[in-house]
Amino acid sequence: MIGTSMIRKITNVRGIKDPYSRRILANLIGKNPMMVYARTPAELKKLTRGLAPRQLQTPPGRARWSIAQLVSHLCDAEWAMGFRIRKSIAEPKSTLQAYNQ
């Protein structure tokens with residue numbers, strides 16, 4: 001995979017002040033972010049295989065997202081992340097900005 005050797009593994013999140021970024025990046029501690037990114041589609045397929053349409057489309061509670069909405073959101077985020085990855089390859093010293101949601 002292109003660029004995986006250039007990506008540093010996250011060893012801790014102590015220096016990250018933004019709570020959202022810290023929470024998301026904590027999921028990558030000790031892992032290669034590009035490998036996690038590459039494996040995510042297969043993991044999503046495995047996790048959703050065999051679910052009925054109702055299971056996919058029904059939110060688990062009020063103000064919660066359904067599985068279908070979550071997967072759709074991840075597809076949208078992949079477009080944005082693809083741009084960021086291409087930019088980091090084209091501009092090696094560039095910084096990937098965290099999402100601010």
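1. A63 sits in the loop between α3 and α4. Its phi is near 60°, a positive value in a residue other than glycine. A63 is exposed, with a relative accessible area of 80%; exposed means over 50% relative accessible area, buried under 20% and partly exposed in between, with a 1.4 Å probe and protein chains only.

2. R64 also belongs to the loop between α3 and α4. R64 is exposed, at a relative accessible area of 52%. Leaving aside residues up to four places away in sequence, R64 touches P59 and Q69, where contact means heavy atoms within 4.5 Å.

3. This is a predicted model, in which local features need pLDDT of at least 70, side-chain atom pairs count only at pLDDT 80 or more, and totals for chains, interfaces and linings use all residues. Residues are numbered from 1 along each chain as its sequence is written, and side-chain values use heavy atoms, with hydrogens and water left out.

4. The mean pLDDT of the chain is 86, and 88% of its residues reach 70 or more; pLDDT is the predictor's confidence in each residue, from 0 to 100.

5. The chain has 4 helices and 0 strands, in the order α-α-α-α along the sequence. Helices (H or I, at least four residues) and strands (E, at least two) are DSSP runs, numbered from the N terminus. Of the 101 residues in the chain, 14% are buried. Among contacts with a separation of 6 or more, 34% are between residues 24 or more positions apart.

6. Helix α2 (residues 33-48) packs with helix α4 (residues 67-90) at an angle of about 160°, their axes 12 Å apart. That makes α2 roughly antiparallel to α4, a term for angles over 145 degrees. Axes are lines fitted to C-alpha atoms, for helices over the stretch in contact, and angles run from 0 to 180 degrees between N-to-C directions.

7. On the α2 side, the contact is made by M34, Y37, L44 and T48; on the α4 side, by I67, L74, E78, M81, G82 and I85. The residues of this contact divide into 7 nonpolar, 2 polar and 1 charged. Ala, Val, Leu, Ile, Met, Phe, Trp, Tyr, Cys and Pro count as nonpolar, Asp, Glu, Lys and Arg as charged, and the others, Gly among them, as polar.

Note on methods: Angles under 35 degrees count as roughly parallel, over 145 as roughly antiparallel, 65 to 115 as roughly perpendicular and the rest as oblique.
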